[in-house]
Amino acid sequence: MSDPTTMSPRELAVFVKQTPNGELRRLMHGPRRTDVIEEIFTNMPQVFRADRAGALTAVIQWRIGDRPDGGVDVYEMVIADGACVSTPGNGRHPDLTLSLGGVDFLNLVTGNSHAVALVMRGRLKTKGDLALTAKFPTLFDPPRG
């Protein structure tokens, strides 16, 4: 398997699209999980659309489940002043919380799944500001695989 932590966002999108879900599940249950998630959040500013965010100020909490120990990885994304910054943990009260499994997370952030479809199938749970929930997917242009 290729190393997703060294891939550009476009290469990762292609990798996720071409890799069977069973292999993606093994990746997200394996020792590279944290590295993969951290690399994705490091690259989020590359696909963030500040022009679409306008004057938006928001805290989005990501809860990525399916960890091997049954827990979740929590990341906080702050959008303010035309920038998007992500950090592990949850230090602020979120305006929006997104909860999903590891493979669904990979598919969503690489543009290989759409947020609305994941919500309709019950694979993405949202909690918080409904207007932000609707706007959030438009704030990013992930390269599609």
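Helices and strands, as named in these legends, are DSSP runs numbered from the N terminus. The model shown is predicted.

**View 1. Aspartate 66 sits in the loop between E1 and E2.** Although aspartate 66 is not a glycine, its phi is positive, about 70 degrees. The relative accessibility of aspartate 66 is 45%, so the residue counts as partly exposed.

**View 2. Aspartate 81 lies in the loop between E2 and E3.** Here too a residue other than glycine has a positive phi: the value for aspartate 81 is near 55 degrees. Aspartate 81 counts as exposed because its relative accessibility is 79%, and the cut-off for exposed is over 50%.

**View 3. Five strands form an open sheet with mixed pairing.** The strand order is E3-E2-E1-E4-E5. Strand E3 (83–88) and strand E5 (124–128) are the edge strands, each pairing on one side only. On average, and with direction ignored, neighbouring strands of this sheet are turned by 20 degrees against each other.

**View 4. Strand E2 (residues 73–80) pairs with E3 in the antiparallel sense.** The pairing runs over 6 bridges. Glutamate 76 has threonine 87, in E3, as its bridge partner. In general, the strands of a sheet pair through backbone hydrogen bonds, either parallel or antiparallel.

**View 5. Helix H3 (residues 33–47) packs on the sheet.** The strands touched by H3 are E1 (58–65), E2 and E3. The direction of H3 makes about 5 degrees with that of E2.

**View 6. Helix H5 (residues 102–109) also packs on the sheet.** H5 touches E1, strand E4 (96–101) and E5, and its direction makes about 115 degrees with that of E4. The helix is mostly covered, with 8 of its 8 residues buried. Among the buried residues of H5 are Val103, Phe105, Leu106, Leu108 and Val109, and the list also includes Asp104 and Asn107. Glycine 111, which follows H5, has a positive phi near 75 degrees.

**View 7. Seven aromatic residues form one cluster.** The members are Phe41, Phe48, Trp62, Tyr75, Phe105, Phe136 and Phe140. Phe105 of this cluster is also one of the buried residues of H5. The structure holds 7 aromatic pairs. A pair of aromatic rings is described by the distance of the centres and the angle of the planes.

Notes. Residues are numbered from 1 along each chain as its sequence is written. This is a predicted model: local features need pLDDT of at least 70, side-chain atom pairs count only at pLDDT 80 or more; totals for chains, interfaces and linings use all residues. Side-chain values use heavy atoms; hydrogens and water are left out. Two strands pair if DSSP finds at least two bridges between them. Helices (H or I, at least four residues) and strands (E, at least two) are DSSP runs, numbered from the N terminus. Axes are lines fitted to C-alpha atoms, for helices over the stretch in contact, and angles run from 0 to 180 degrees between N-to-C directions. Contact means heavy atoms within 4.5 Å. Rings of Phe, Tyr and Trp (its six-membered ring) pair if their centres lie within 6.5 Å; planes under 30 degrees apart count as stacked, over 60 as edge-to-face and the rest as tilted. Buried means under 20% relative accessible area, exposed over 50%, partly exposed in between (1.4 Å probe, protein chains only).
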